[in-house]
Amino acid sequence: MLNLGFLCSHGGSNMQAIVDNVLNKNLNAKLAAVISNNSNSFALERAKKANIPAFHISNKTHNSPDSKIIEIFKKYEANTLILAGYMKRVSPELINAFSGRVLNIHPALLPKFGGEGMFGQNVHKAVLASGDKISGATIHLVTPNYDDGRILNQMTVPVLDGDTSETLAERVLQIEHILYTDTLIKISEEKINIP
Ligand code: GRF
């Protein structure tokens, strides 16, 4: 059974969507713990509200944050890590500790619009500048390089005339909330394979 460990840096709305789907039994999974590198991350508040163990771990709190992250997720028996708006590069040590079962969501259709610097509004600005008429979101396995691992699932949204990076980001975020759970359901039903 999936036992999810979350890594978040910001608002945690993707994490919340997954948590809601677990609590209302759309997704058959357990919730191990939530870790943020940002002490002000709203994801930590959301986790506490849902009675999920929540921790702030960063290079300010620990010399070797990834070792501590591994220790915590192992303690809570997480078997699959969910990066949801996590702004840190993860180490090979962390990926290996979970046998490569580390997923990330990217707010565009990889392999385009990925890599170093492609986060937040930068991604949507690049999509708009490209003239592409379709954007979307991608779930992929995590490697030590940004946005580089095997693509597991994607969903698309239209790019509309008059879109700004903000309006496009909002449209993409709505499907992100569907896509992550959809992917985890398919993993739990072995329709999508991960290590
Ligand atoms: C999402 O757009 C995600 O794709 C990106 O950061 C945002 C996080 O949003 N990596 P939230 O913290 O889940 O609300």
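On a 1 Å grid over the protein atoms alone, a pocket is an open set of points where a 1.4 Å probe fits, with protein on both sides within 12 Å along at least five of seven lines, and a molecule sits in a pocket if more than half of its atoms lie within 2 Å of its grid points. In this predicted model, the ligand sits in the largest pocket. Local features need pLDDT of at least 70 and side-chain atom pairs count only at pLDDT 80 or more, whereas totals for chains, interfaces and linings use all residues. Residues are numbered from 1 along each chain as its sequence is written, and side-chain values use heavy atoms, with hydrogens and water left out.

**Around the ligand**

**Polar contacts and burial**

- Among the polar contacts, defined as pairs of N or O atoms within 3.5 Å, one places a polar side-chain atom of Ser13 2.6 Å from an oxygen atom of the ligand.
- A ligand oxygen atom also lies 2.8 Å from a polar backbone atom of Asn14, and an N or O atom in the side chain of Glu176 is 2.6 Å from an oxygen atom of the ligand.
- Taken alone the ligand exposes 370 Å², of which the protein buries 81%, with areas from the Shrake-Rupley method and a 1.4 Å probe.

**Salt bridges**

- The count comes to seven salt bridges, each a side-chain nitrogen of Lys or Arg within 4 Å of a carboxyl oxygen of Asp or Glu.
- One of them joins Lys68 and Glu71, whose closest N and O atoms are 3.0 Å apart.
- Because Lys68 and Glu71 are three residues apart in helix H3 (residues 65-75), about one helical turn separates them.

**Backbone details in loops**

- Leu110 and Pro111 are joined by a cis peptide bond with omega of about 10 degrees, and Pro111 is found in the loop between strand E5 (102-106) and helix H5 (121-130).
- Glu77, a residue other than glycine, has a positive phi near 60 degrees, and its place is in the loop between H3 and strand E4 (80-83).

Key:
Polar contact = N/O pair within 3.5 Å; in protein donor to acceptor, adjacent residues only side chain to side chain. 1 Å grid on protein atoms, 1.4 Å probe; cavity = no way out; pocket = protein on both sides within 12 Å on 5 of 7 lines; lining within 4 Å. Helix = DSSP H or I, 4+ residues; strand = E, 2+ residues; numbered from the N terminus.
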